[in-house]
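Colleague: I am new to this structure and would like to understand the terms used for it. Could we look at it together?

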Amino acid sequence: MRLKRLYVSFFAAVLSLLLAACSQEPSAATQSSQQPPAGNQQQATAAEPRQPAAPESKPSESSAKEIVLATTTSTQDSGLLDVMLLAFEQKSGIKVKVVAVGTGQAIKLGEDGNADVLLVHSRKAEDEFVSKGFGTDAYDVMYNQFYIVGPADDPAGAKTAKTAAEAFALIAEKKAPFISRGDDSGTDKKEKSIWKEAKLTPEGDWYLSSGQGMGATLQMADEKNAYTLTDEATYLSRKLNLQVVMQGDQSLLNPYGIIKVKSTSKPDEAMQFIQFFTGEEGQKIIGEFGKDKYGKGLFVPSAKKR
C-alpha cells in the first residue's frame with residue numbers, strides 16, 4: 001500500500017513539472033506576434049538615435065545655363081572676349097562656350113544650328129545670313145579698322161599709296177611676300193575685296209596662305225618679312241616688327257555685328273547676351289578696352305539695331 005502511494009506521488013510530481021514547463025514556453029504563434037512587423041521596424045527601435053538624412057545633391061555644372069558663341073578669332077586674340085564674358089557671366093549666371101573661327105566658319109556653324117549667337121565682321125555675309133532666315137535680332141555692336149602692315153623698310157613702297165587698292169597693286173608689282181589668311185574669315189573676305197578693287201588676282205610664290213587665325217598669320221608675316229592685312233585690335237595686341245603701311249582708307253573700315261541664331265534652343269539666354277553687348281554696360285567696356293595699355297581703345301562702340 002505504501003509502495004502504491006509512492007507511485008501516485010511520483011506521477012503527480014512529474015505531471016506538475018510538465019504543466020509548469022508548458023505554461024512558461026510561449027507558443028510559436030505568440031512568439032511571432034511579439035516580433036515587430038518589418039514595416040514598423042523603426043517604431044521598435046524608437047529609442048535608438050536617428051541617422052541624419054543624406055544631403056540633397058547639388059545640380060551638376062553640366063545642368064547650368066550655357067550658350068555657344070561662334071565668333072571671329074580677332075575678338076578672342078585681342079583679349080576683348082575675356083573681359084566681356086567675365087562681366088556677362090558674373091551678371092547673368094549664363095556660361096558662354098566660345099568657338100573662335102573665321103567669320104565664314106562661324107556663319108556656317110549658325111546655319112547648321114551649332115551656335116546660339118554670332119559675333120562676326122563681314123556685313124554682306126551677315127545680311128545674307130539674316131535674309132535667308134538663319135538669324136534674327138541683328139545689331140551693329142562695334143568697329144575698328146583694318147591695317148595693311150609689312151616690313152619696316154617697306155620694300156614695295158606701299159606707304160606711298162593713297163588707297164588700300166594702290167598699296168596692294170604695289171606689293172603685287174614688286175612680288176613682295178604677302179601672307180593671306182585664306183580661311184574665309186571676315187579679314188580674308190576684306191582682303192579679297194581689295195584685290196578685286198585693284199583688278200588683280202594674286203598668284204605666285206610671293207603670295208602665301210596661312211589658313212590660320214589673325215594672330216598666327218601676323219606671326220608668320222613677321223617671321224617672313226611679309227605684308228598682310230590685319231584688324232587693328234589683333235595687331236596692337238601683338239609685339240611685332242611689322243609696321244603699319246596703310247590705314248584710314250574708307251575701304252578699311254571694320255564693323256562687327258552680333259546676331260541671334262534663329263534655331264537656338266535658348267532664345268532668352270541668347271538675347272540676354274546680345275543685350276549685354278549692345279547695352280550701356282557692355283558698350284562702356286568695349287569703348288574702354290585697351291586704353292590703359294595702348295593709349296587708345298581697340299574698338300569703338302556702335303550699338304544699333306539693324
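Colleague: Among contacts in the protein chain between residues at least 6 apart in sequence, what share joins residues at least 24 apart?

Modeller: This is a predicted model, in which local features need pLDDT of at least 70 and side-chain atom pairs count only at pLDDT 80 or more, while totals for chains, interfaces and linings use all residues. Residues are numbered from 1 along each chain as its sequence is written, and side-chain values use heavy atoms, with hydrogens and water left out. The share is 74%, where a contact means heavy atoms within 4.5 Å.

Colleague: What makes a residue buried, and what percentage of the protein chain is buried?

Modeller: Buried means under 20% relative accessible area, exposed over 50%, and partly exposed in between, with a 1.4 Å probe and protein chains only; by that rule, 42% of the 306 residues are buried.

Colleague: Why is the set that includes Val117 and Phe299 called a nonpolar core?

Modeller: The name applies because a nonpolar core is a set of buried Ala, Val, Leu, Ile, Met, Phe, Trp, Tyr and Cys residues joined through side-chain atoms within 4.5 Å. The largest such core has 29 residues, and Val117, Val141, Ile258 and Phe299 are among those with the most contacts inside it. Elements giving two or more residues to this core include strand S4 (135-150) and helix H13 (280-288), helices (H or I, at least four residues) and strands (E, at least two) being DSSP runs numbered from the N terminus.

Colleague: Which residues of H13 are buried?

Modeller: In H13, Gly282, Gln283, Ile285, Ile286 and Gly287 fall in the buried class, and their cover includes H5, S4 and H12.
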